[in-house]
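Me: I have a structure open and would like to talk through it with you. Could you take it piece by piece as I ask?

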Amino acid sequence: MGIGEIWSQLGSLMASIMFVYAMYEQFFPHHLQEKRFLTLTFHKRYRDLITGSYIQHVLEEGRAITVKNRTLKLYTNNPSNNWYGYKRTKWSHVNFEHPSRFETLAMDPKKKEEITNDLVKFKTGKEYYAKAKEDEEARLKAENEKEQLVKEGEVKANEKSREGVKENGTVP
């Protein structure tokens, strides 16, 4: 039995388990308050394969699904009389469920695609923002050096005026 057949059988087994669980979830939703788990059994010779790659893959897919299904929330400050007490906080939230989406927006398809590409480029534009950060840091460093030179110039000017007072004995 090859590795491809093992993965195939394991995948069909997991699909069957997920189907049974989905049916259970649909007909018995009150039991979902309990912690949910599945038991995976396999031959010990496949332990390295399962613990090394398959479990890692399942965890990554689970995280991706969690992120995809995450609800957006809008936050706002609570009035100050609600800040104190058990489980009180300065912030409250509501789920953001707006019916309008960018996909449903009535707009020229070319313009919509251009905006979408621009947003994707913005999202993945790490190099540009790293360069912009470097430029900003260089600008701030130059400003600090300039301020240091100005302060040093003021100190030297004060020292010269003090020397003039010592030589002449008069206050300028």
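Predicted model: local features only at pLDDT ≥ 70, side-chain atom pairs only at ≥ 80, totals over all residues.

Me: What's the N to O distance between Arg 139 and Glu 136, then?

Reply: The side chains of Arg 139 and Glu 136 meet in a salt bridge at 2.5 Å, taken from N to O.

Me: Why does Arg 139 count as partly exposed rather than buried or exposed?

Reply: Arg 139 has a relative accessible area of 39%, and because buried means under 20% and exposed means over 50%, that value falls in between. Glu 136, at 34% relative accessibility, is likewise counted as partly exposed, and Glu 143 is partly exposed with a relative accessible area of 36%.

Me: How many salt bridges turn up in the whole structure?

Reply: A search of the whole structure finds 3 salt bridges. One of them pairs Glu 114 with Lys 111, where the closest N and O atoms are 3.8 Å apart.

Me: Which helix holds Glu 114 and Lys 111?

Reply: Glu 114 and Lys 111 are both in helix 3, residues 109-123, and are 3 residues apart, about one turn of the helix. Glu 114 is partly exposed at 48% relative accessibility, and Lys 111 is partly exposed at 40%.

Me: Switching topic: which residues make the nonpolar surface patch?

Reply: Leu 72, Leu 74, Val 94 and Phe 96 make a nonpolar surface patch of about 370 Å². Phe 96 is located in the loop between strand 2, residues 91-95, and helix 3, and with a relative accessible area of 35% Phe 96 is partly exposed.

Me: OK, zooming out, what's the order of the elements from the N terminus on?

Reply: The protein has 4 helices and 2 strands, and from the N terminus on its elements run α-α-β-β-α-α.

Me: What share of the residues counts as buried?

Reply: Of the 172 residues of the protein, 5% count as buried. The protein exposes about 16200 Å², of which carbon and sulfur atoms supply 57%.

Me: Last one, on confidence: which element has the lowest mean pLDDT and which the highest?

Reply: Helix 1, residues 3-27, has the lowest mean pLDDT among the elements, at 70, while helix 3 has the highest, at 86. Over the protein the pLDDT averages 76, and 73% of the residues score at least 70.

Note on methods. Residues numbered from 1 in each chain as written. Heavy atoms only, no water. Salt bridge = Lys/Arg side-chain N within 4 Å of Asp/Glu carboxyl O. Buried < 20%, exposed > 50% of the residue type's maximum accessible area, 1.4 Å probe, protein only. Patch = residues over 30% accessible without salt bridge, like charges linked within 9 Å, V, L, I, M, F, W, Y side chains within 5 Å. Areas by Shrake-Rupley, 256 points an atom, 1.4 Å probe, with all protein chains shown as cover. pLDDT = per-residue confidence, 0-100.
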